[in-house]
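Please look over the sequence and the model below before reading the points. They are meant for someone who has not seen this structure before.

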Amino acid sequence: MTASVSTTTPHDPAAPSAPANLRLRDRPIDIFFVIVFSLFIITSSIADMVPTLGIDFNQPSPNFIVNSNWWYAHDTDPLFQNPPVWMRIVTGLSAFVYLAFYLVLVPALIKGWNWIQLPAVIYATMIASITGIIVFGVEFFGEPEWVTPNPAKFLAFNLPYVLIPILLLIRMRKPMPFTRRF
């Protein structure tokens, strides 16, 4: 018995072609993601850089970025405001690794780069695990000094950083994500 060898190549007109990507305007969920992840670029730069670099924001400050972090954290997020080393690692991931990913993700969504699927799945899994399980777990069920005194404000600011990546994970569930609407 001999094995047959296919002679079709990607340049062969008889070779099956990959489905074409849809235009961005035909992928409204990706327009939503472009907007949200563009905002995440800003918030990663403003919010997560401050505790990562060890900048004190326990008092109001004339510096807009420091004061923004104080305004959020002073009555809501003691873990973020006075982070132990492990939490500075979490904010460092957001300030440097996730930020770099967002800078690649946004053009990938706009241009329909299908190769972004695997990095998007890895990112969404990481952030859902680290933020959704560990940080939320500590903020709601951890040591008393880290539990949020203002769960509504905490969730309003932080839940999108878990839910949006999970939605991205669902969007990227199959190969060639930009060949379909969702």
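The numbered points below go from the record's annotations to individual helices, side-chain pairs and the surface.

1. Basis. This is a predicted model, in which local features need pLDDT of at least 70 and side-chain atom pairs count only at pLDDT 80 or more, while totals for chains, interfaces and linings use all residues. Residues are numbered from 1 along each chain as its sequence is written, and side-chain values use heavy atoms, with hydrogens and water left out.

2. In the model, residues 29–169 are 77% helix and 0% strand, with end C-alpha atoms 12 Å apart. Helices (H or I, at least four residues) and strands (E, at least two) are DSSP runs, numbered from the N terminus.

3. Residues 31–50 are 100% helix and 0% strand, and their end C-alpha atoms are 29 Å apart. For residues 85–109 the figures are 100% helix, 0% strand and 34 Å between the end C-alpha atoms.

4. Helix α6. Which residues of α6 (residues 151–158) are buried? They are K153, F154 and N158, where buried means under 20% relative accessible area, exposed over 50%, and partly exposed in between (1.4 Å probe, protein chains only). These three lie on the same side of α6, because they cover an arc of only 110 degrees around the axis; the arc is that of the directions from the helix axis to the C-beta atoms. A152 and A156, on the other side of α6, are exposed. The cover over the buried residues includes α2 (64–73), α5 (117–141) and α7 (160–171), with contact meaning heavy atoms within 4.5 Å.

5. Salt bridges. There are 4 salt bridges in the structure, each a side-chain nitrogen of Lys or Arg within 4 Å of a carboxyl oxygen of Asp or Glu. One of them joins K153 to D75, with the closest N and O atoms 2.8 Å apart. This pair links distant parts of the chain: K153 is in helix α6, D75 is in the loop between α2 and α3 (78–81), and they are 78 residues apart. K153 is buried at 13% relative accessible area, whereas D75 is partly exposed at 30%.

6. Other pairs. R27 and D30 meet in a salt bridge at 2.7 Å, N to O. R27 is buried at 1% relative accessibility, and D30 is buried at 0%. D26 pairs with R23, the closest N and O atoms being 3.0 Å apart; D26 is partly exposed at 22%, as is R23 at 48%.

7. Nonpolar surface patch. L155, L159, L163, I166, I170 and F182 form a nonpolar patch on the surface, with about 440 Å² of accessible area together. Patches are made of residues with over 30% relative accessible area and no salt bridge: like charges are joined within 9 Å, nonpolar side chains (Val, Leu, Ile, Met, Phe, Trp, Tyr) within 5 Å. Areas come from the Shrake-Rupley method with a 1.4 Å probe, and for residues only the protein chains shown count as cover. Helix α7 gives the largest share, 3 residues. F182 is in the segment after α7 and is partly exposed at 33%.
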